[in-house]
Amino acid sequence: MKIVLSTLNAKFIHSSLALRYLRSYARPSFPQIELVEYTINDVTMNLVADLYKREPDVVAFSCYIWNIRETLDVVRNLKKVRPDLPIILGGPEVTYDADHWMKKHPEIDVIVIGEGEQTILELLQAYQKAKETGQPPALRDVNGIAYRDEEGIVRFSMPRAQIEDLDSIPSPYEDDLDELNNRVVYFEASRGCPFKCQYCLSSIEDGVRYFSLERVKADLLRLINHGVKTIKFVDRTFNINKKYALEIFQFLIDNHRGTVFQFEITADILRADVLDFLTENAPPGIFRFEIGVQSTNDETNRLVQRIQRFDRLSRTVTQIKESGKIDQHLDLIAGLPEEDYHSFRKTFNDVFALRPEELQLGFLKMLRGTGVRARAADHGYVYMDEAPYEILGNNVLSFADMQKIKRVEDVLEKYWNDHRMDYTLEWLLTHVFETPFDFFQSFGDYWENQGWSRIGHQLEDLFTRLLSFLEFSGVEGLEHILSLMKFDYLRNQKHRPRKLWWDDVLEKQEMQQVYGLVQQQAGRLRHDFAEHAATQKDYFKHTLSAKVSFDIEKWIKTGERIEGSYILVLYYPYKDEQGNAFVVVEQDMSVAH
Ligand code: B12
Ligand code: SF4
């Protein structure tokens with residue numbers, strides 16, 4: 001029997017862990033099982049044609065919030081050309097409202113509810129038997145599904161118990177590793193979450209189950225040895241079991257070979273000894289933590305049953321940040337119960353104060369099966385009927401407020417999360433605007449008013465647009481801000497930039513004078529810079545100069561701001577770990593310092 005397991009990933013870079021489990025579980029009985037991954041950007045007709053060509057006896061799709069619409073398009077058309085083909089759906093998006101999906105979409109034959117490994121195996125056996133005997137498949141006997149009886153009425157079989165021993169599922173990463181080249185690999189060490197956050201699907205399952213450490217280590221080693229670049233652990237709260245987490249951290253520290261590992265952790269329960277261990281031993285750039293903060297409003301957290309100690313979370317995030325070894329990505333959700341615009345502004349500022357490398361601002365989605373969706377009326381929620389079920393407002397947050405917050409998100413992504421101008425932003429956020437949120441809000445509003453959200457941008461545009469906003473806002477000390485913008489622009493590029501976006505570029509004669517001064521300073525330059533400053537030709541090929549209004553070099557080293565007419569000289573090329581070397585000289589042609 002030929003079986004096709006398929007899904008539409010959010011982007012090409014992603015891969016489906018669920019399908020790999022299903023395949024490894026069913027393959028001993030069904031060697032002719034094929035796994036086919038598409039993306040949601042593929043054209044429906046191409047997918048239908050590709051699936052048709054494979055001539056499957058059964059096809060099954062893995063369904064999530066990001067692909068349900070496109071999957072149903074494929075399913076509808078596939079059924080038209082292959083009315084005999086049994087179509088099975090599974091995954092979190094169809095698990096919690098199977099009745100709704102079955103009734104609305106007659107082309108679906110079966111929906112698998114919850115964990116899929118044992119269920120798909122039994123289903124395939126039922127179809128195999130049906131094929132052999134010419135009888136209809138005995139779906140009623142397969143636990144954990146919704147199906148149609150002979151009259152076409154939607155029925156539910158007995159619920160399926162969870163798999164107790166996760167090690168009984170063969171590894172999804174035993175072979176076929178070439179399929180994962182250039183992809184993010186998702187990895188599970190455990191299933192389930194002990195917490196009950198009411199907006200999250202992981203709150204519904206009970207208990208946490210673990211794969212054995214031997215199994216986890218063997219799988220990780222195989223992936224590392226294969227050269228996988230990024231492994232993302234999908235464990236809901238990786239650090240829930242301290243001993244288990246520590247052993248995996250230690251194993252990865254000993255064996256990482258440059259692979260990057262991402263974890264979702266709960267920062268306020270990360271124990272002090274684990275934290276000390278990580279900040280001392282983690283190799284820089286190898287681990288990355290995702291930390292859901294969502295809200296710092298106590299009443300909101302109480303309403304969604306989220307237990308969180310923000311003071312502890314802050315201490316953890318700060319200690320990790322100070323170690324400089326692990327990048328942190330913090331998440332917020334706008335639109336949670338009783339969090340109005342002002343409360344969200346506070347949440348944002350509380351979290352921004354920790355200066356995470358990345359801050360992601362999401363909007364509440366009313367996922368099928370969650371508590372917030374069941375009690376949506378209590379807080380006056382209105383939301384999209386179709387996936388992704390994003391809210392359009394509630395009793396304390398209007399649609400207009402949400403649009404305002406989206407404008408914050410837009411510039412936050414472009415400016416903070418992209419780290420294009422860290423020095424400039426830090427200055428603006430600490431010296432110029434009342435709070436970080438206010439900066440992102442007013443800049444986001446300006447961006448929208450200028451119509452920039454409808455057009456693309458190049459790197460220089462990010463600078464000229466910020467400058468235009470700052471001029472419009474009449475901020476004080478613009479010359480210093482402009483100096484930092486020039487510095488950020490020049491220091492972040494691997495190659496000597498061709499385009500300069502400011503007006504006061506140096507004249508040729510000025511540049512020659514600066515060259516003379518830099519040359520005299522050879523002793524305090526990085527050695528490759530000093531070497532290239534030896535001849536004028538090399539020097540001009542490898543440097544770029546800009547006028548600045550204070551001695552940025554001294555300011556970075558000592559925090560002292562000495563104002564005057566200075567020239568900043570950036571040296572290219574960029575050196576990994578060290579970036580671009582630079583020096584500042586005084587424009588009256590005596591050397592700064
Ligand atoms: C990886 C991931 C992503 C990736 C997508 C990867 C991809 N392939 O394209 C990215 C980062 C893009 C992503 C984004 C989002 N995600 Co996400 N994501 C996950 C995550 C962390 C892992 C999924 C996974 O592999 N799990 C492990 C597998 C083994 O478990 P499983 O998927 O549940 O599969 C089992 C069963 O469901 C079943 N099963 C699954 N498929 C099938 C198919 C068949 C045929 C059968 C029989 C059974 C079956 O069997 C499997 C094995 O037992 C989960 C959380 C989690 N830990 O599961 C959230 C999760 C899937 N995401 C979720 C959400 C809400 C989002 C976002 C909307 C978040 C946001 N930004 O607001 C976005 C959507 C983006 C968009 N474009 O719209 C929700 C799911 C909502 C839903 N109904 O689908 C989850 C569950 C998080 C949560 N706890 O609430 N996500
Ligand atoms: S949000 Fe995180 S901690 Fe809360 S239930 Fe979901 S996975 Fe668990």
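Colleague: In what order do the six strands of the open sheet stand?
Modeller: This is a predicted model, where local features need pLDDT of at least 70, side-chain atom pairs count only at pLDDT 80 or more, and totals for chains, interfaces and linings use all residues. Residues are numbered from 1 along each chain as its sequence is written, with chains lettered from A and ligands numbered from 1 in the order in which they are written. Strands (E, at least two residues) and helices (H or I, at least four) are DSSP runs numbered from the N terminus, and two strands pair if DSSP finds at least two bridges between them. The pairing in this sheet is parallel, and the order is 8-11-12-13-14-15.

Colleague: At about what angle does helix 12 run to strand 14?
Modeller: Axes are lines fitted to C-alpha atoms, for helices over the stretch in contact (C-beta atoms, placed from the backbone, within 7 Å), and angles between N-to-C directions run from 0 to 180 degrees. Helix 14 (residues 399–417) touches strand 14 and strand 15, and makes about 155° with strand 15. Helix 12 (residues 341–352) lies across strand 13 (287–294), strand 14 and strand 15, and its angle to strand 14 is about 175°.

Colleague: Which element gives the most to the shell around ligand 1?
Modeller: The shell holds 35 residues, each with its C-beta atom, placed from the backbone, within 6 Å; His14 and Ser62 are among the closest. Elements giving two or more residues include strand 3 (58–62), strand 4 (87–90) and helix 6 (117–133). With four residues, the most comes from helix 1.

Colleague: Between which domains does ligand 1 lie?
Modeller: The chain is divided into domain 1, domain 2 and domain 3 (503–592), with bounds from an automatic or database domain assignment. Two of them give residues to the shell, so ligand 1 lies between domain 1 (3–156) and domain 2 (166–378).

Colleague: Which element has the lowest mean pLDDT?
Modeller: The chain averages a pLDDT (the predictor's confidence in each residue, from 0 to 100) of 96, and 99% of the residues score at least 70. Strand 3 has the highest mean, 99. The lowest, 92, belongs to helix 19 (residues 508–520).

Notes. Two residues are in contact if their C-beta atoms, placed from the backbone, lie within 7 Å.
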